[in-house]
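This report describes a protein model in terms of its geometry. Please read it alongside the coordinates.

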Amino acid sequence: MKLVFAGTPEVAVPALDVLIASERHEVAAVVTRPDAPAGRGRRLVASPVAERAEEAGIEVLKPAKPRDPGFLERLREIAPDCCPVVAYGALLPRVALDVPARGWVNLHFSLLPAWRGAAPVQHALMAGDELTGASTFLIEEGLDSGPVYGTVTETVRPTDTSGDLLTRLAFAGSGLLAATMDGIEDGSLKAVSQPAEGVTLAPKITVEDARVDWTAPALRVDRVVRGCTPAPGAWTTFRGERLKLVQAVPLPERTDLAPGQLAAGKNNLYVGTGSYAVELLWVQAQGKKPMRAADWARGARITEGAQLGG
């Protein structure tokens, strides 16, 4: 099939690579979000998908909105058979959905109908799911509600961050998306409607969602830290300033600390929760680089009775 691939962040690049390498399909063009300001200089930078496509000599389309007339005209000129999508980042209007003969097929990082929305991996971790995966489905105008072509499963490891899990799913999902394209092309694969039961939503994680509640149990604190790493970053406050929590480990054997209470050892830093303590391994103070929590504690001169979280 002739394909137009839509995607934006680094997590979409493995799938693009697999489709470029396919001998059965042609990636005729790539659709991605417009260049965005990045770094201290805030200069405009192309998306990872745009950079990879340009390296491969593939036409790159960067509409401000996918309903832009110029973009739709070019899409009709290319006349793709199918448009695979991975984390494109914009809603597709019906006028765009109707262009490819075999529709737009999304690779979504959950086992649908669980975790429909922008942040499925973060929500799966924060909910304590032990199994997740990726799904390919035909895009409709509803939120991730279209019929499913296929799935792959992935076990959630006890120390996974959302970054760890998303990286594994990106590579596992790239094979699933390629197989889905093959099955659509040869007619061996039919999409199946999602069940009405088991629908959960995964909206974008806000900065406030990432704030740690020290009165919550240690397992909840651990899930928030891992689910929000690397983005948007779990955080708390210390002496009125924000402190980012990069890595923490629950310690069921330590129950002597009140919620938010800090205890600093020579090479360790502990904080109480609503159940038992967690050990903070890495933190990041405002304006600083990530550092070992024990080093931060020495610099901050943690005293008895010091608290996190206001």
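This is a predicted model: local features need pLDDT of at least 70, side-chain atom pairs count only at pLDDT 80 or more; totals for chains, interfaces and linings use all residues.

Residues are numbered from 1 along each chain as its sequence is written, and side-chain values use heavy atoms, with hydrogens and water left out.

**Overall chain**

The protein chain has eight helices and 15 strands; helices (H or I, at least four residues) and strands (E, at least two) are DSSP runs, numbered from the N terminus. Its C-alpha trace spans about 70 × 45 × 30 Å along the principal axes. Of the 310 residues, 48% count as buried, where buried means under 20% relative accessible area, exposed over 50% and partly exposed in between, with a 1.4 Å probe and protein chains only. A contact means heavy atoms within 4.5 Å. Among contacts between residues at least 6 apart in sequence, 65% join residues at least 24 apart.

Helix 1 covers residues 13-21, and its buried residues are Val13, Pro14, Ala15, Leu16 and Leu19. These pack against strand 1 (2-7), strand 2 (26-31), helix 2 (48-55), strand 6 (83-86) and helix 6 (162-186).

In helix 8, the buried residues are Ala293, Ala294, Trp296, Ala297 and Ala300. They lie on the same side of helix 8 because they cover an arc of only 160° around the axis; the arc is that of the directions from the helix axis to the C-beta atoms. The cover over these buried residues includes strand 10, strand 11 (241-251) and strand 14 (277-285). Just after helix 8, Arg301 takes a positive phi of about 55°.

**Trp235**

Trp235 is part of strand 10, residues 234-238. Its relative accessibility is 6%, so Trp235 counts as buried. Leaving aside residues up to four places away in sequence, the residues that Trp235 touches include Val207, Glu208, Arg211, Arg242 and Leu245. A polar atom of the Trp235 side chain lies 2.7 Å from the backbone oxygen of Val207. From C-alpha to C-alpha, Trp235 is 9.0 Å from Gly309, although the two are 74 residues apart in sequence.

**Charges over rings and the aromatic pair**

| Residue over the face | Ring | Distance from ring centre |
|---|---|---|
| Arg242 | Trp235 | 3.9 Å |
| Arg254 | Tyr270 | 4.8 Å |

The structure holds one aromatic pair. Phe238 and Trp296 form this pair, which is edge-to-face, with 5.1 Å centre to centre and 75° between the planes. Rings of Phe, Tyr and Trp (its six-membered ring) pair if their centres lie within 6.5 Å, and planes under 30 degrees apart count as stacked, over 60 as edge-to-face and the rest as tilted. The pair links distant parts of the chain, with Phe238 in strand 10 and Trp296 in helix 8 (residues 293-300), 58 residues apart. Both Phe238 and Trp296 are buried.

**Cysteines**

With a disulfide defined as a pair of cysteine sulfur atoms within 2.5 Å, the count comes to zero. Cys83 is in no disulfide, and the nearest cysteine sulfur, that of Cys82, is 6.5 Å away. Cys83 counts as buried because its relative accessibility is 0%. Cys228 is buried, with a relative accessible area of 0%.

Note on methods. A polar contact is a pair of N or O atoms within 3.5 Å; within protein, one must be able to donate a hydrogen and the other to accept it, and residues adjacent in sequence count only if both atoms are side-chain atoms. A charge sits over a ring if NZ of Lys or CZ of Arg is within 6 Å of the ring centre and within 35 degrees of the ring normal.
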